[in-house]
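Hi everyone, thanks for having me. Let's take a look at this one together.

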Amino acid sequence: MAKESKKSEPKELTVEQKLKALFQLQTMLSDIDKIKTLRGELPLEVEDLEDEIAGLSTRIEKIKADVEGLKSAITSKKIEIETAKATIEKYQAQQENVRNNREYDFLSKEIEFQTLEVEFCEKRIKEFISEEKIKSEELALSITALEEREKDLEQKKEELDEIVAETKQEEEKLREKAKNLETSIDPRLLQSFKRIRKNSRNGLGIVYVQRDACGGCFNKIPPQRQLDIRSRKKIIVCEYCGRIMIDPELAGMNFKPKQAVAKTKAKAKKETKKETKKETKKETKKETKKETKKEIKKEKKS
Ligand SMILES: [Zn+2]
C-alpha cells in the first residue's frame with residue numbers, strides 16, 4: 001500500500017486528495033463536453049427548420065399552381081359553354097328556315113348534343129370549384145404553417161446566437177478553472193487520466209463504483225477491489241477499461257452504493273455496537289466477539 005500518501009508535505013497530495021482533484025477535473029471537463037454537444041445540436045435544429053420551411057414553400061408554390069390551373073380550366077369550360085350556347089342559338093335560327101323534316105331533325109340532334117355539352121361543362125365547373133376550394137384551404141393551412149415555422153426559426157436562431165455567446169463564456173471559465181486545477185495534479189497521473197479520457201467514448205477518465213460495477217464500462221468489480229477503492233490508499237484502475245476508480249462518497253455522490261449492502265449490513269451492526277459502547281476498533285470476528293462479551297460485562301457492572 002502506498003505509504004507516501006501519509007506524507008504531510010504541503011505540495012504532496014494524498015491519494016484521496018489526488019482522486020478528489022481528478023474527479024473535480026473530470027466534472028469540469030464533462031461540463032465542457034456537454035456544452036460542446038449542446039452547441040452541436042442547436043445548429044441541427046435550425047437546419048431542420050430551414051429544411052421544413054423549404055419543403056413548405058415548395059408545397060405552397062405547387063398548390064398555387066394547381067389553383068391557377070383549376071381557375072383557367074373553369075374559364076375555358078365557361079368559354080366552351082358560351083360557344084355551345086351560341087351554336088344552339090345558331091341552330092335554332094336555322095330551324096326556322098328548314099326546307100324539310102330531315103334537316104329539322106338533324107338540327108334538333110345537334111342542339112340536343114350541344115345542350116348536353118353545356119350540361120357536361122357545368123358539371124365539370126362545379127367539380128373544379130369544389131377542388132379549388134379544397135386546394136385553397138390547403139393553401140391557407142400551409143401558409144399558416146410556414147409563417148409559424150418562420151417564427152420558430154427566427155426564435156431558434158436568436159436562441160442559438162445567445163447560447164453560443166453564453167456557452168463560449170461558460171466554457172472559457174471552465175477551461176480556466178480546469179487549467180488551474182490541473183497544475184495541482186501530479187503530471188504523470190494527469191497524463192494517464194487524459195489518455196484514458198481521450199480513448200473513452202463518453203470522455204470519462206475517472207468513474208465511481210455503481211451497483212458493484214465500474215461506472216465507465218459497467219463490468220463487475222470484485223468485492224476485494226471495491227474495498228481497496230474505498231480504502232483510498234492507492235490509485236486503482238478498472239481492470240476492463242482502465243478507467244481510474246473512485247469511491248462514490250469521495251466523489252461526492254449522495255447515494256448509498258448498492259455494492260456494499262450485503263457486506264456492510266453485518267459490518268454496520270457491529271459498528272453501531274462499537275460506536276455506542278467502546279472506543280477502540282477491532283477488525284477480526286474473534287476480537288469483536290471478545291469485545292462484545294467484555295462490553296456486556298461492563299454493562300452489567302454499571
Ligand atoms: Zn471499467
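Start at Val207: setting aside neighbours within four places in sequence, it is in contact with Cys214, Gly215, Gly216, Arg243 and Met245. Contact here says that two C-beta atoms, placed from the backbone, lie within 7 Å. Quick housekeeping: residues are numbered from 1 along each chain as its sequence is written. Also, this is a predicted model, where local features need pLDDT of at least 70, side-chain atom pairs count only at pLDDT 80 or more, and totals for chains, interfaces and linings use all residues.

Okay, which residues have the most contacts inside the largest nonpolar core? Val207 is one of them, along with Leu22, Phe23, Ile206, Ile244, Met245 and Ile246, and the core has 25 residues. A nonpolar core is a set of buried Ala, Val, Leu, Ile, Met, Phe, Trp, Tyr and Cys residues joined through C-beta atoms within 7 Å. Buried is 20 or more other C-beta atoms within 10 Å of a residue's own, exposed is 12 or fewer, and partly exposed is in between. H1, H3, E1 and E4 each supply at least two core residues, and H1 gives the largest share, 8 residues.

Phe193, Ile196 and Arg197 are buried in H3. Down the axis, H3's buried residues fall within an arc of 100 degrees, taken from the directions from axis to C-beta atoms, so they line one face. On the other side, exposed residues include Pro187, Gln191 and Lys198. Helix H1 and strands E1 and E4 are among what covers the buried residues of H3.

Key:
Helices (H or I, at least four residues) and strands (E, at least two) are DSSP runs, numbered from the N terminus.
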